Amino acid sequence: MRAPGMSTTPRVAIEPGGGDAQAAFATMVHDVFDATPLDPAGGADAAAVSIWHLGTTMVGTFRGPPTRFVRDAARVATSGLDQFLVQLYVEGGFDGVAGDTPITVAPGDICVFDLTGTLDTVAVGYANISILVPRDALAGVMTGVEDDRLHGAVLPGGGAAGALLGDHLRALVDRVQTLGAEALTSAAPMTFAIVAAAVGGLMRTRAAAARPGARGTPLARALDYITAQIGDPRLDVDAIAAASGCSRAALFRLFARLGGVERHIRRQRLAGAARDLSDPAHARRIGDVAHRWGFASDAAFSRAFRQAFGMTPRAARQHNLVALLGSFGPEDGASSADRRFAAWLRSLPAGETLEQ
């Protein structure tokens, strides 16, 4: 899906020293997170950004002063982003949380954020290379792995996988400046494969450590069954236990770290519904969205959505209709680069959990 008015120009940029560069950067990335400099007066002109569109993804270099980055539940609901954000910190680093998990990143480390999750981090003066990876590109990595375990994962720069992926990302941004549009598009799947290989090794190690012995197999079956049956409002613990080959008590123990079986199901349903409401290519009725994701009634869906995201489904949809039709007008002070980046975000493909 290509957003209306989307430019085919492969690069947008914000240069330092040309006015309030930090404010321009914050406007550009507002769909991804709220970016607030810790010293607004001292960092106004310090931000520098270059972003290239690779057809199915974007890769960019970002530099800025100490900044707090927040992606809250409301932004998850209204942005409609379903990709993974993979970042190599070339300089600086950050501390914070991804969902409920503490995360610390040092120079040379690579971190992974699931954009259907929340984050709150504080970076020191930093320079990073960031790339958006479609969910489908990491499908093999996610097999039998809970989403929570990938959100906030860190590949240490001193490890083999982190070093090799870091070298590739550095080479990509060096080469991307001289490549044509066709070469830029072909670079994306190669990069996804390298990201998947690097992250996959880390996730297999972490999954084995967290789920020793035979417990991993029932949990993997349970997760797969939930994904397949998420649209059925009759999905319950008994059916999941039977599909995973374990007792109810054992199933509850397996999901304890995720906050329980029902919490996991509710989170999956709400994330999918939020993506549907934000997708201008599929203008579904709110009632149809509720039905598609297994909510027993429109009222139950509205209550759960408001509790999770702090707004009604109708308000979330309206937000995205306004954004699609051009919330960045001249009166907002937004540059053409800001508008182009927002259009790019909405044009990128994301993974689908259910068949259309």
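Predicted model: local features only at pLDDT ≥ 70, side-chain atom pairs only at ≥ 80, totals over all residues.
**First stop: strand E7 and its neighbours**

Select residues 94-98, which make up strand E7, together with residues 101-105, which make up strand E8. These two strands run antiparallel and are joined by five bridges. Next, display the turn of the hairpin that E7 and E8 form; two residues lie between the strands. Gly99 belongs to this turn and has a positive phi of about 65 degrees.

Which residues stand opposite Asp95? In E8, the bridge partner of Asp95 is Thr104; in E10, Asp95 stands opposite Val122.

**Second stop: the aromatic rings**

Select Phe25, Phe33, Phe62, Phe69, Tyr89, Phe94, Phe113 and Tyr126, and show their side chains. Ring pairs link these residues into a cluster. The count of aromatic pairs in the model comes to nine.

Begin with Tyr89 and Phe94, whose rings form an edge-to-face pair. Their centres are 5.2 Å apart, and 65 degrees separate the planes. Are these residues buried or exposed? Tyr89 has a relative accessible area of 2% and is therefore buried. Phe94, at 3% relative accessibility, likewise counts as buried.

Keep Tyr89 in view and turn to Tyr126, its partner in a tilted pair. Here the distance is 6.3 Å centre to centre, with 50 degrees between the planes. To see where the two residues sit, colour strand E6 (residues 84-91), which holds Tyr89, and strand E11 (residues 126-133), which holds Tyr126. This pair links distant parts of the chain, its members being 37 residues apart. Both Tyr89 and Tyr126 are buried.

Two packed helices are described by the angle between their axes and the distance between the axes. Select helix H10 (residues 261-278) and helix H12 (residues 298-309). Their axes come within 11 Å and cross at roughly 95 degrees, which means that H10 is roughly perpendicular to H12.

Which residues make the contact? On H10, display Leu270, Ala273, Ala274 and Leu277. On H12, display Phe301, Ala304, Phe305, Ala308 and Phe309. By class, this contact has nine nonpolar residues, no polar residues and no charged residues.

Note on methods. Residues numbered from 1 in each chain as written. Heavy atoms only, no water. Axes fitted to C-alpha atoms, helices over the stretch in contact; angles between N-to-C directions. Helix = DSSP H or I, 4+ residues; strand = E, 2+ residues; numbered from the N terminus. Parallel < 35°, antiparallel > 145°, perpendicular 65-115°, else oblique. Contact = heavy atoms within 4.5 Å. Nonpolar A, V, L, I, M, F, W, Y, C, P; charged D, E, K, R; others polar. Phe/Tyr/Trp six-rings, centres within 6.5 Å; stacked < 30°, edge-to-face > 60°. Buried < 20%, exposed > 50% of the residue type's maximum accessible area, 1.4 Å probe, protein only. Pairing = 2+ DSSP bridges.
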